[in-house]
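Have the sequence and the structure open as you read.

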Amino acid sequence: MIYMPLTSIERKKIGIFPPPQLKNRSHPNHHKYNPSQSIPSSLTSPIKETLIREEQEEEKMAFRVSNNLVGILNFLTFILSIPILAGGIWLSHRANTDCEKFLDKPVIALGVFLLIVSLAGLIGACCGVSWLLWIYLFVMFLLIVLLFCFTIFAFVVTNKGAGEVASGRGYKEYRLGDYSNWLQKRVNNDKNWRKIKSCLQDGKVCKSLQEGNVTFSDFYKSNLSPIQSGCCKPPSACNFTYQSETMWNNPGNPVSSDSDCSVWNNDQTRLCYDCQSCKAGVLANLKKDWKKVAIVNIIFLIFLVIVYSVGCCAFRNNRTDYSYSGWKGRYP
């Protein structure tokens, strides 16, 4: 037998009105609401069943949007995790340098993390598995806290340090002591610096200078990047004689106490990669990038908070659906 839904006029005639819990979704006992409580006992069984089904469907449709939204977002995240994981695995098998090997493990870890979390959110929201959705929300909460802490940390550690304008130069000079102690310790660590130096050499950051073939006066007017200024030439205080962009002659009479003057080497694989000025140039470039990352993190953090809020609604939906199953069978 098929029961047609009752219209609002028919409801008024038989004295049935929506309970206050349906109008106020924030009511503390909303999830405990039993539709049969608002239905007069004098009604016939078919009408009572129709009313219960209508109110049940209204409740489910009102909240199902958040479940679908969480499912869509996690499906997109799941699709994104596949190329990230594949790229990390490819790097682990193809990496030949320290720079490439440095990237493969973080990329694989990120891909696995996104894959597991997205599956938990997708199954939990779309299949009504509350414990998986609870794990998803817990991980999301930890991610929001960690991202917030990292954003604050990035602003703090990059607050100090700036290049010094050299007289008559178009570029700036960089000193390691101008930056935060935490960053200095990271680049002064031999293991860390060996990997960074490998990336600089593989990236051929000084190659563009070698191909310039500019005169001495034109070179001094060049707008060099922090890494090029610190790693591809000796400090200006050394007063070396200019031959080319990456070739400088030591006059033999030390006129500066800067330790980088003795580290400089015209070997194109060495140059000033072990200089303190090169480490300072790397930190100057890192500072600029971290500022941009911190701004992006703020936007991403707002997005995560919104997703987390929608996920909480989806979790409440699962609990509400479970409460429906407790009374649904009592009114066949």
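## Cysteines and their disulfides

In this predicted model, Cys 272 and Cys 275 are joined by a disulfide, with their sulfur atoms 1.7 Å apart. The link of Cys 272 and Cys 275 is left-handed, with -95 degrees about the S-S bond. Both partners are out of view of the solvent by the accessibility criterion: Cys 272 is buried, and so is Cys 275.

| Disulfide | S to S distance | Angle about the S-S bond |
|---|---|---|
| Cys 206 and Cys 232 | 1.8 Å | -85 degrees |
| Cys 238 and Cys 261 | 1.9 Å | -95 degrees |

Next, have a look at the disulfide that joins Cys 206 to Cys 232. This link is left-handed. Cys 206 sits in the loop between α7 (190-203) and α8 (207-210), while Cys 232 sits in the loop between α10 (226-231) and β3 (241-244), so the bond ties together parts that are 26 residues apart in sequence. Are these two cysteines buried or exposed? Cys 206 counts as buried, at 2% relative accessibility, and Cys 232 is buried too, with a relative accessible area of 0%.

Now move on to Cys 238 and Cys 261, which form a disulfide. This pair links distant parts of the chain: Cys 238 is in the loop between α10 and β3, and Cys 261 is in helix α11 (residues 260-263), 23 residues apart. The link of Cys 238 and Cys 261 is left-handed. Cys 238 is buried, and so is Cys 261.

Cys 126 is partly exposed, with a relative accessible area of 48%.

Cys 312 is in no disulfide either. Its nearest cysteine sulfur belongs to Cys 313 and lies 7.0 Å away. Cys 312 is partly exposed, and its relative accessible area is 33%.

How values were computed:
Residues numbered from 1 in each chain as written. Predicted model: local features only at pLDDT ≥ 70, side-chain atom pairs only at ≥ 80, totals over all residues. Heavy atoms only, no water. Disulfide = S-S within 2.5 Å. Helix = DSSP H or I, 4+ residues; strand = E, 2+ residues; numbered from the N terminus. Buried < 20%, exposed > 50% of the residue type's maximum accessible area, 1.4 Å probe, protein only.
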